[in-house]
Amino acid sequence: MVARWIPGSLLVGNVRKNLFLAYKTLGVVFGGLVTSPLYVYPSMNLSSPTEADYLGIYSIMFWTLTLIGVVKYVCIALSADDHGEGGTFAMYSLLCRHADIGILPSKRVYSEDPLLHDQSTVARKPSKLGKFFERSITARRVLLFMAILGMCMLIGDGILTPAISVLSAIDGLRGPFPSVSKPVVDVLSAAILIGLFLLQKYGTSKVSFLFSPIMAAWTFTTPIIGIYSIFHYYPGIFKAISPHYIVHFFLRNKRQGWQLLGGTVLCITGAEAMFADLGHFSKKAIQIAFLSSIYPSLVLTYAGQTAYLINNLNDFSDGFYKFVPRPVYWPMFVIATLAAIVASQSLISATFSVIKQSVVLDYFPRVKVVHTSQQKEGEVYSPEINYILMVLCVGVILGFGGGKEIGNAFGVVVIMVMLITTIMLTLVMIIIWRTPHALVGLYFVPFVIMEGSYVSAVFTKIPEGGWLPFAVSMILALIMFVWYYGRQRKTEYEMANKVTLERLSELLEMPEVQRVPGLCFFYSNIQDGLTPILSHYIKNMSSLHTVTIFVTLRYLLVSKVDQQERIRIKRLGPNGVYQCTVQYGYADNLSLQGGDDLVAQVTRCLQRHIKTSTDRQSPASIEEEIAQVEAARSAGVVHVRGKMRFYVGSDAGCFDKVMLRFYEFLHGICRSALPALGMPLQQRVEIGMLYKV
């Protein structure tokens, strides 16, 4: 009896936990998706629409929500996680662990690390597609650029969602007050966004408990109005679920119908957040929330809007507020405005999270990242990124000034992310899951045709506003690709010119080289050997500290690293010389904040290593070694890093000349790694050196 009761209680507990998490997703994951009815119809360039046109448009939106939202994301994409993390880059890291597809050999130095394979299935021979990527450096570069571009498109989403959501919500003032001009709405929207961005430095912990109730109120009130509108205006609206209305729509409207796809695609805005925010919630919680509330809410809300518009054919430019009944107009205006702000906050926070992960994994130039919550590791803030986003968001509102133009820009971001996800998910199916080709084709062909049609439609909008997010995303993707390439070329040079332990012993035996008192943290990018800057340092300084620890900050292609695996230390050959690896994943919070904290943690780990190592038999020698470490720390701590520059010779290839010179520019304007760890300025030493390519 007891044996049966315990699993039942655990099951009830899991159900409650998933339901609670599903409720919390409303305020974090689905803000952008569930507020899309505010701007979908107003973003469409309709010309003398008819009842049949609206039925065709609703049919397109219904099947887009069903196929992309339910089939693609809920049923398939959420299973392509990397240690619980989602998004295009998570899929890229998953592919990297199962196939040798890093763009440079140096990226594969740690491919045998068990941390990278603890979720792997039984080892198999690479698939034919995997072998193709392993052989082709061009294919590997394209794949990396595609993954990066997907991340950058999500950042573009963080620029446009606040702009279009808040602008569409505040536009509701013009219904009751026709005297309110469009410039006034633009200025009010910009002021709200400026206030929202200025509050980012305080974090969202204090107000985040309001997010889910606000979005729940929005999610459950809009379909109620939709149901009222259906019965009041057009009870037969659900006949439009039949796909033949889509066929008739395109046969009747031809080119104009194809161009209208650029507006209908906005009904699925924010769906990528289901996958990208997977690391903050469970898969089941996201599935429960979407299938039980978000999907029905959107289907009913769009049905209600369409039913109203069939009876009021030319009201599409204000398609949301016009279908709201007058008695509840102002309550819905307040809820819509609050929901738009929450949706904006969700995308802003997601942008900070993406930037933080990119910086941690060394795919983006170092910017300041501040953790605004001690309890929630994903709650971060970047001052530089925040103010850039603020300028771009306000510039979008004041520059474009209209929902249609912003909608054109938004459509480019939305569908490009989804197409990239479709392609990478197909690679995961073939290379990792080994899905039968017939099933892969059943997934790939329909979604590429559908999303390809959307892409072709939104690309016609590039001259009409769509150029902005595309340009921003391409610039960001280029920056990330160049930064990653430069960092990898640096590592490649260091691996080829590393200092061996034998060479270090020779350098220390030179008569002019002295061992000076103190504890030195010598930062290096490599583990198998020592950085070539070391010999440059010893020759110039003619000294090395009595205790020198070569520290490697190792960013793994996994989401999280166990705390006990965070710091690894081993003794090297010469007396007082050690190697330390500080490792963490792209979703980890780098908890080593502050120079004293790093020194204390590494010192404790070093002393533990000395006590437990088997190559010291005498207790006296152990005590002597520990005393040496304590004396060195008392004498003073210094943090040494190399400040390398590439020397691009005339014999270098054109690709290297362009990429590495751009990398040098980025390296010169980004933050130093040591201040990011909180190292005191007076303890830092930089050694310059040229690396010849």
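**Inside and on the surface**

Helix α14 gives the largest share of the lining of the largest cavity, 4 residues. This is a predicted model, where local features need pLDDT of at least 70, side-chain atom pairs count only at pLDDT 80 or more, and totals for chains, interfaces and linings use all residues. Residues are numbered from 1 along each chain as its sequence is written, and side-chain values use heavy atoms, with hydrogens and water left out.

A cavity is a set of points, on a 1 Å grid over the protein atoms alone, where a 1.4 Å probe fits but cannot get out; its lining residues have an atom within 4 Å of a point. The count comes to 3 cavities of 30 Å³ or more. The largest cavity holds about 230 Å³ of space. Volume here is the space filled by probe spheres set on the points, which are joined across faces, edges and corners.

What lines the largest cavity? The lining has 18 residues, and Gly-86, Leu-154, Ala-276, Val-354 and Gln-357 lie nearest the centre. Two or more lining residues come from each of α4 (88-98), α6 (137-170), α12 (272-276) and α14 (329-360). Helices are DSSP runs (H or I, at least four residues) and strands are too (E, at least two), numbered from the N terminus. By type, the lining divides into 8 nonpolar, 7 polar and 3 charged residues. Nonpolar means Ala, Val, Leu, Ile, Met, Phe, Trp, Tyr, Cys and Pro; charged means Asp, Glu, Lys and Arg; the others, Gly among them, are polar.

Now look at α4 itself. Of its 11 residues, 10 are buried. Among them are Phe-89, Tyr-92 and Arg-97. Buried means under 20% relative accessible area, exposed over 50%, and partly exposed in between (1.4 Å probe, protein chains only).

Turn to the loops. Ser-613 sits between α21 (595-612) and α22 (619-635). Ser-613 counts as buried because its relative accessibility is 14%. From C-alpha to C-alpha, Ser-613 and Arg-571 are 9.1 Å apart in space, yet 42 residues apart in sequence.

Most residues other than glycine have a negative phi. Ser-48 has a positive phi, near 50 degrees. Ser-48 lies in the loop between α2 (31-34) and α3 (51-76). With a relative accessible area of 61%, Ser-48 is exposed. Ser-542 also has a positive phi, about 55 degrees. The loop between α20 (533-541) and β4 (543-556) holds Ser-542. At 28% relative accessibility, Ser-542 is partly exposed.

Methods:
On a 1 Å grid over the protein atoms alone, a cavity is a set of points where a 1.4 Å probe fits but cannot get out, and a pocket is an open set with protein on both sides within 12 Å along at least five of seven lines; lining residues have an atom within 4 Å of a point.
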